[in-house]
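Good morning, and thank you for coming.

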Amino acid sequence: MVEHPRVFTVDEAREQRGHLPGLFTKSLFLRDRKGAMWLVVCLDDRAVDLRDLPHKIGAKPRLSFGSAERLMKFLGVTAGAVSPLALINDTGGKVRVYIDRALLTGEVINLHPLDNAKTVTIAHDDLLRFLDDVGHPAEVLDFD
């Protein structure tokens, strides 16, 4: 784990991460009009088309980003600190998680440990095991 100034965007994170090994993530907390929620974790440089994504994850059309209030209520984090590790706080199992297949190709991945002033490196197998253990088995999403 490394500490750095708080970051709120992928670009800010790139400036602060230095030379950490592995792949880097961005986590998108999304909801549809019916209130269903998803956490999509992908490569940090991945372009995500929110118009195309619903049919890939079984969502209703017109996905949007979850509000700050919803983010705090279900994942217990603020904007900028969104991470699959925050699923430990979703004890009601309301948020479904999708992991970019490309993240499973590297040995390790980097993400925020519920704090956007830190980055932690974790083996992707350990992340998948963690998600299983907290009742949020990851579904793999192929963007390519």
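Is strand 5 largely enclosed by the rest of the structure, or largely open? Five of the six residues of strand 5 are buried, so the strand is largely enclosed. Buried here means under 20% relative accessible area, exposed means over 50%, and partly exposed lies in between, with a 1.4 Å probe and protein chains only. Helices (H or I, at least four residues) and strands (E, at least two) are DSSP runs, numbered from the N terminus.

Two remarks on the source are in order. This is a predicted model, in which local features need pLDDT of at least 70 and side-chain atom pairs count only at pLDDT 80 or more, while totals for chains, interfaces and linings use all residues. Residues are numbered from 1 along each chain as its sequence is written, and side-chain values use heavy atoms, with hydrogens and water left out.

Let me turn to the neighbours of strand 5. Two strands are said to pair if DSSP finds at least two bridges between them. Strand 3 pairs with strand 5 in the parallel sense, over five bridges, and Met37 has Val95 in strand 5 as its bridge partner. Strand 8 also pairs with strand 5 in the parallel sense, over three bridges. There, Ile99 has Val140 of strand 8 as its bridge partner.

I now come to the charged pairs. Side chains of opposite charge can pair when their charged atoms come close. A salt bridge is counted when a side-chain nitrogen of Lys or Arg is within 4 Å of a carboxyl oxygen of Asp or Glu. How many salt bridges does a search of the whole structure find? The search finds seven.

One of them joins Arg46 and Asp100, with 2.9 Å between the closest N and O atoms. This pair links distant parts of the chain, 54 residues apart: Arg46 is in the loop between strand 3 (37-43) and helix 2 (53-57), and Asp100 is in strand 5 (residues 95-100). Both Arg46 and Asp100 are buried.

A salt bridge also forms between the side chains of Arg96 and Glu139, at 2.7 Å from N to O. Here too distant parts of the chain are linked, since Arg96 is in strand 5 and Glu139 in strand 8 (residues 139-141), 43 residues apart. Arg96 is partly exposed because its relative accessible area is 36%, and Glu139 counts as partly exposed at 32%.

Arg96 has a further neighbour to mention. The C-alpha atoms of His136 and Arg96 are 6.8 Å apart in space, although the residues are 40 apart in sequence. His136 is found in the loop between helix 4 and strand 8, and with a relative accessible area of 4% it is buried.

What separates the partners in the salt bridge of Arg129 and Asp126? Their side chains meet at 2.3 Å, N to O. Both residues lie in helix 4 (residues 124-133), three residues apart, which is about one turn of the helix. Arg129 is partly exposed at 46% relative accessibility, as is Asp126 at 35%.

Finally, I draw attention to a loop residue, Asp115, which lies between strand 6 (108-111) and strand 7 (118-123). Asp115 is buried, with a relative accessible area of 19%. Its C-alpha atom is 5.1 Å from that of Ala81, 34 residues away along the chain.
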